[in-house]
Amino acid sequence: MSITRRQFIGGITLTAIGTFGPGLFKGWEPRLAHGAAVPEKILLVLQLSGGNDGINTVVPFTDSAYAAARPTLAIPESQLLPLDGKLGLHPSLANFKTLFDEGKLAVIQGIGYPNGILSHFSSMDIWHTASPEGVQARGWLGRYLDLHPPGSENALFSVNIGSQVPKAFIADTVSTPSIASVSSYQFRTDPRYPVDRPSQVNTFLNLENLSLSDTFPRANIAGVSVNAYTTSEAVKAAAGSYTPSVTYPTTSLAQGLLLIAQIIAGNLGTRIFYVSTGGYDTHNNQANTHANLLTTLSEAVNAFQRDMEAKGLADRIVILTISEFGRRVAENGSRGLDHGTASVQFTIGTRVRGGLYGAYPSLSKLDGNGNLVFTTDFRSSYATVLEGWLGADAGAILGGTFPNLGFLT
Amino acid sequence: MSVFRWDRETVAHLGRRAAFGARREEVDYFYALGPDKTLDFLLNDEQVPNDQMEQALAVQPFDLSTYQGIVQWWLFRMVHTWRPLEEKMTLFWHGHFTSAMSKVQNTTMMLNQNQLLRRHALGNFRNLSLDIYKDPAMLLWLDNATNRVGKPNENFARELMELFTMGVGNYTEQDVREVARAFTGHTIDRTTGTYLFRSSWHDYGTKTVLGQTGNWDGDDIINLLVPREATGRFMARKFLKMFVYEDPEPALIDALARVYFESSYSVKAMMTWILTSDAFYSDRARGALVRNPTELVVNTIRTLEVRSDFSPFVSRLNSMGQALFNPPDVEGFDGGMAWINTSTLLQRVNMVNDLAGNRTTTGAYIDLAALIGGRTFQSVEEGIDWLLETMGIYGLSPAKKAPLILYVSDGAAGLSYENLMDRKGRGLIHLVATLPDYHTA
């Protein structure tokens, strides 16, 4: 997949070409000239919205407090997929067990932050801004983008899959596009007259090119317009020419990951992806709901991982899961679990050093609300991927030094 | 009022800024009416009867217990109101004294807050501030509902000084703690969802705020913060960014801040000053702002006479980045170029394409024949000029008209007039919406 500036301008018929502002294609063009040849590392953040129950995801089955706190929700040891003598994966995570055995999946235990907040909204904000003190308006990935890493001039350098840009991407100088689907990220024209489309597209591009010599903000909008068209055509072409090596499930998470695979394989220069899946707020009748959620998660991630391996792209990708908090140790009166604090985090990829990281919090030494006391600051895992994967200055981005957890090779 | 030219383009400029875009008939009407009466209509809107709109709104089938319903309700107002500046200011205050459904989770409270903002839209900033801190949605949004003596919650106190009045750098962390103490006990009754002062939760000790010591309560703090020099400048700058241009000169800020103090914090006085200022009508100001998604949607509905029950625009606003009643955080919506990225721009332009291409009478659609209203055009150019002005764009350069003219003739040979209108007429509506001019104000 490659678009050259020449091909792009080829469609334009008027004299507008002479009015290109200096540096219009700065970013997009150099990216295409050099970017595709260098296989760059890609971070994929996968958000589990609602607060995933870490305790039933990675179960400390030898902790006697476990069964005692969860009379109906404790999973019997016999059904768990053991990771070692103390911890077992939820039975819905068979694919994760295989990835763990292959050394491609790391479990970060006790992930959280001091004085865990039990509001979805506020705690998610903290994860997105990497600022438990609430002093950051920008997101942690946004602050990375504001450092202008190589290639970030590309309009598709960071991409959110969905309809709303997560706060993690909020930056001062860069805005991240949200792509809900290939069909929504298109420059549409009247479907009744496909024959008129080339004429409309040419006219549109002419108008934008003429506007590039206008004053602020018209010129800036015109530049984004041209980028929008060019990138949307690139995404469409990448998606259209892609044949997955495995069958992806039909869940929206799996389809989102397929779109990511298409964009990666299309060499569009994206280095940060973000995708979210919800429903983890399991206040009642958690057992079935949680099992289904974890099945959706592991099947989608497994399809993506195997597909990328088959395509020879897996070495470039690391997946990091996040959730705003874990859940209460003791179940409530509705066979569910209320909001908690520390949870588990997964990181997946062929370049991940599989295994267990951090320490599992005690299920009996709890905080005043009956919640786990975190052992691993989530900013350490951010620091690990920022430094160890993206080669960024984690200290500058996170506003402090956090230990590299070492889960990346 | 002699400093600026009064022409139809100027009326359209005023319509984009002080309203949600003027329709062609409105431009003609206010042009003939002249500047003084036009500004009188906009600014002294208590004299403009709005009952017709209120009555029509009251019988709409909007389900106000749902998020979609309250967005439809507000869009209806913005499209049909006779007091456009009132709605514009309500939108401004919604971005200033923010609260969001994402946390409040109660449509009645959000709607009540919206009405509160409307009551004070062109009123007095001090009175608005006094009311807003007791507003249930605000009490939940910034956690003052749980702020009690001995267990203070600083969320509201901090944002009150940082985002609602003085701006960062004008207070200390000690001030934040003391202000939080002053607001303890102002909470809500969880059963009725209404404001409640719980005296047993209130901290009656002395507090020292900005160097002044006393047994301060919430009203005292508002009365302390509103007259601060920093607040006047902070608010003046924010008004200028919304209504004039993004980077106002210090002299302009000073001048408007003076109005703030001299009028004892009158919003109407500030808006009157802005709408009669040289800066507002200057070349620098014209087209200098990025239209926010709400302005874009309402302008589109009004100028193209879009028929719908407004429901299709609820998700569209969200995907363009401005979910009404649901700002992303306490800072409200980012303005300016933050509205524009590749995906939001595609959403903006595709909206008009979808409207123009919908030939059914379901969903949101444009009745093209009704819009044209039996007019016949002597030339392609005349038709394009008509459409541009209908969509609120005046004085487009001949260079930019040229591609539009070319478009109409491209592949049009042999088409009947009807087919030409159906293909190229609808195509032109879409193309005009791709002009950056359509996305600026």
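Domain bounds come from an automatic or database domain assignment. On that basis, chain B of this predicted model is divided into domain 1, residues 228-281, and domain 2, residues 293-439. The C-alpha centres of domain 1 of chain B and domain 2 of chain B are 33 Å apart.

The average pLDDT of chain A is 89, and 90% of the residues score at least 70. Residues 1-37 of chain A, however, have a pLDDT below 50, and beyond near neighbours in sequence this stretch makes 58 contacts in the model.

The two chains touch each other. Chain A puts 43 residues into the contact and chain B puts in 39 residues. On the side of chain B that touches chain A, two or more residues come from each of α7 (101-104), α19 (312-320), α20 (342-357), α23 (398-409) and α24 (417-434) of chain B. Of these, α20(B) gives the most, with eight residues.

Five of the six residues of β8(A) are buried, so the strand is mostly covered. Strand β1 (residues 42-48) of chain A runs parallel to β8(A) and is joined to it by six bridges; within this pairing, A:L48 stands opposite A:T277. Strand β6 (residues 158-161) of chain A is also parallel to β8(A), with four bridges between them, and here A:I161 has A:V275 as its bridge partner.

Chain A also has an open sheet of three strands, in the order β2-β4-β3, with antiparallel pairing. Its edge strands are β2 (58-60) and β3 (81-82) of chain A, each of which pairs on one side only. Three bridges link β2(A) to strand β4 (residues 87-89) of chain A in the antiparallel sense, and A:V59 is bridged to A:G88.

Strand β1 (residues 186-189) of chain B and strand β2 (residues 194-197) of chain B run antiparallel and are joined by four bridges. B:D189 is opposite B:T194 in β2(B). Four residues lie between the two strands of the hairpin, and B:G193 in the turn has a positive phi of about 70 degrees.

Some backbone details remain. Most residues other than glycine have a negative phi, and most peptide bonds are trans. A:N267 is not a glycine, yet its phi is positive, at about 55 degrees. A:N267 is in the loop between α10 (252-265) and β8 of chain A, and it counts as buried because it has 20 C-beta neighbours inside 10 Å. In chain B, B:D143 has a positive phi near 65 degrees and is likewise a residue other than glycine. B:D143 belongs to the loop between α10 (136-141) and α11 (155-164) of chain B; with 16 other C-beta atoms within 10 Å, B:D143 is partly exposed. The peptide bond between A:F216 and A:P217 is cis, with omega about -5 degrees. A:P217 sits in the loop between α8 (197-211) and α9 (218-240) of chain A.

The last stop is A:R306, in helix α11 (residues 286-310) of chain A. A:R306 counts as partly exposed because it has 16 C-beta neighbours inside 10 Å. A:R306 and A:T247 are separated by 59 residues in sequence, and their C-alpha atoms are 10.0 Å apart in space.

Terms used
Residues are numbered from 1 along each chain as its sequence is written. Chains are lettered from A and ligands numbered from 1 in the order in which they are written. This is a predicted model: local features need pLDDT of at least 70, side-chain atom pairs count only at pLDDT 80 or more; totals for chains, interfaces and linings use all residues. Two residues are in contact if their C-beta atoms, placed from the backbone, lie within 7 Å. Two strands pair if DSSP finds at least two bridges between them. A residue is buried if 20 or more other C-beta atoms lie within 10 Å of its own, exposed if 12 or fewer, and partly exposed in between; C-beta atoms are placed from the backbone. pLDDT is the predictor's confidence in each residue, from 0 to 100.
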